[in-house]
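Here's a quick tour for anyone meeting this structure for the first time. Take a look at it, then read on.

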Amino acid sequence: MRRSSVPIELKASFPESAKTSLRDTQLRRNLGKATQTIRGKRAAVVNEMPDWENLREAGRAIKQRVMRHLDHYLLELETAVQRAGGQVHWARDAADANRIVAEIARNHASKEVIKVKSLTTDEIKMNEALGELGIHALETDLAELIIQLADESSSHILVPAIHKNRAEIRELFMRKLGVEELSDEPAALAEVARRHLRDKFLNTKVAISGANFAVAETGTICVVESEGNGRMCVTLPEVLVSVMGIEKIIPTWQDYEVFLQLLPRSSTGERMNPYSSFWTSVTPGDGPQEFHLVLLDNGRTQVLADEMGRQTLYCIRCSACLNVCPVYERVGGYAYNSVYPGPIGAILTPQLRGLENAESLPYASSLCGACYDVCPVKINIPEVLIHLRGRVVRERQERQGVRHNLYPEDLAMQMLTQIFLDQFQFERVQRLGRLGQEPLARGGFIGNLPGPLAGWTAMRDMNVIPEQTFREWWRSRYE
Amino acid sequence: MSNAREEILRRVRTALVDVQAHEQPNHIPVDRSYRHHDDAPRSEIVARFAEEVADYKAVVHRIKQSELSKTIAEACKRRKAQRMIIPTDLPQEWLPKGIEGIPDNALTYAQLDAGDGVLTGCALGIAQTGTIVLDSGPRQGRRAITLLPDYHLCVVFEDQVVGLVPEAITQLSDRVHQTGSPITFISGPSATSDIELNRVEGVHGPRTLEVLIVA
């Protein structure tokens, strides 16, 4: 029997996938343009905020408070949502969540549901799971619709179809939506999407959304967006189901004053995104009269258990770290083999799936720290990356027992440990190296190391050991 | 799925073994030393609101109270809007002669969709971000009426405009706590940048937003 969801899949490693992505020149051009544009917009609107650093610090502290008392806030949120007439469901994993949503759709005899762009539902592959049960989940965000029609996956959190140009989109719409004449003007393409989806918005009974934030105190949920498809989905259908990770909680309504300033500026580089919808379960005479909130774990408690990694859960999915990352800008989203790409994906994915299932990702970074500088909730991504690299090695050592002693990198590290432990040993090795490097050195650099060391110089030149080392010079001062 | 609930809570508590039992949420300090209030003169705040709303490609007019009905008539005429959806409590004097106001007495979605536009008031304006806030309060109606028509003509009184986002959140607090009524933040017309990052105004929401700022 086929399972409705597969939580852990064997994925290609980051270096393998990056090689493929780097060959796609169209993707690199589009990504370069996109990240540069958004970086500029973000910088402009952040610079006009004299209290930006204060807001970041407040955002970080609020999220820290939530994570350290998540059980308390989850129960408070549950009570608030129920008090306002909503139903709360708990999902340990993707299978739980997809089953809950499918049951709700079935209870309303719905063969088609409309969806607001949601990373969380992408993470649990909800569209596929519902599809297997004969329920079509229709994406209503323009980029998500493009990707769904093309049967592809997202390459950027915020602009998922960034890898497609207008000619490709035009061709796709003509083929899949039966439009006969169409220009490749973005406005004309958007008009096609508007007409195609309008009827669905007016007549579909069940909608599914994610949640950007949920207030524990009042149960008020927020979805931010640009196109209006989000407003349509949370307003027009009879039934609304919101699927949210358990970490999306904020304690009080007042806390929106922090996050509604941090998110739009960090994300799209706007002072405010065009539409933000807030709702508190159900309101008689306005909007869906049946509301379900699905609280999803799916590995988040694993992240929570790592004291250093815990801050990963502060993430508000703005994508600022993607846009400043020199690695992401070149390899794009696919190389990360996850719905969460870029620097945040490099720390979130391994922790959600288990390190052994994504152990190359903590290395997908140059540790330049640009991601930390722009993170609106001050997640110290480089710090977590280094911590996870340490865990990758330790866990591999534990898995392999004594055999890890034969792993070349471990061997080299053990040797270096011995050398660095003893001053005289260290100097002896330097002197030896100075002799040995003679035939390899060219103009002060070594371009190709021999044998197993060749990997070190595959991407970089190495400085030669100088005629006189610092230690030798220091001693010579007293002679 | 009560066993899922118990299991998740158990996992959370196990994950948080490092958090001492006596630690309360408010023991984690939150430094709220960001700006809470815009001290600029009122005239400047209102001017900034007008500027920011216009920056989103919305059409903005600054008028006197006595010009309200006349300006609404002109706007509808430019737009060739004859049949305007209105919330049931819209002040009668707002609606000019010659424009048919269709009160939302539980209109169907098809009826809302067929309207030439919608005319409403609002709860607040935020100068810092050029945002119009609807909270289903007076002169606003339910959410669907400002969503389905393609044209939204919105009246904002100058004394409804606040400076910063925190001021707006504070003002909305009572309503959220007391009624839990839905709230919508609108900053310009619906837009997308999904195709080659070119901004296109108008996808699913009203494609034209016209704002009358009344002194």
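Which residue of β3(A) is the bridge partner of I114(A)? That would be L138(A). Keep in mind that this is a predicted model, where local features need pLDDT of at least 70, side-chain atom pairs count only at pLDDT 80 or more, and totals for chains, interfaces and linings use all residues. Residues are numbered from 1 along each chain as its sequence is written, while chains are lettered from A and ligands numbered from 1 in the order in which they are written.

**The sheet in chain A**

- Strand β2 (residues 112–115) of chain A runs parallel to β3(A), and the two pair over 4 bridges; strands and helices here are DSSP runs numbered from the N terminus, with at least two residues (E) for a strand and at least four (H or I) for a helix.
- Both belong to an open sheet of 6 strands in chain A, ordered β1-β10-β7-β4-β2-β3, with parallel pairing; two strands count as paired if DSSP finds at least two bridges between them.
- At the edges sit β1 (87–91) and β3 (136–139) of chain A, each pairing on one side only.
- On average, neighbouring strands of this sheet are turned by 25° against each other, direction ignored; the axes are lines fitted to C-alpha atoms, and angles run from 0 to 180 degrees between N-to-C directions.
- As a general point, strands of a sheet pair through backbone hydrogen bonds, either parallel or antiparallel.

**The nonpolar core**

- The largest nonpolar core has 189 residues, and V101(A), V294(A), C321(A) and V133(B) have the most contacts inside it. Such a core is a set of buried Ala, Val, Leu, Ile, Met, Phe, Trp, Tyr and Cys residues joined through C-beta atoms within 7 Å.
- Helix α5 (residues 94–107) of chain A supplies the largest share of this core, 7 residues.
- Domain 1 (49–298) and domain 2 (324–405) of chain A both give residues to this core, so it lies between them.
- Leaving aside neighbours within four places in sequence, V101(A) is in contact with M126(A), L130(A), I208(A), V241(A), V243(A) and V294(A); contact means C-beta atoms, placed from the backbone, within 7 Å.

**Domains of chain A**

- Chain A is assigned domain 1 (49–298), domain 2 (324–405) and domain 3 (422–476), with bounds from an automatic or database domain assignment.
- The centres of domain 1 and domain 2 of chain A, taken over C-alpha atoms, are 26 Å apart.
- Their contact takes 15 residues from domain 1 of chain A and 9 residues from domain 2 of chain A.
- On the domain 1 side, α3(A) gives the largest share, 5 residues.

**Where the chains meet**

- 75 residues of chain A are in contact with 63 residues of chain B.
- α1(B) gives the most to chain B's side, with 9 residues.
- That side of chain B divides into 30 nonpolar, 19 polar and 14 charged residues; Ala, Val, Leu, Ile, Met, Phe, Trp, Tyr, Cys and Pro count as nonpolar, Asp, Glu, Lys and Arg as charged, and the others, Gly among them, as polar.
- Strand β9 (residues 275–280) of chain A pairs with β9(B) in the antiparallel sense over 4 bridges, and S277(A) stands opposite T184(B).

**A look at L435(A)**

- L435(A) lies in helix α20 (residues 423–437) of chain A.
- L435(A) is exposed because it has 8 other C-beta atoms within 10 Å; the cut-offs are 12 or fewer for exposed, 20 or more for buried, and partly exposed in between.

Terms used
Contact = placed C-beta atoms within 7 Å.
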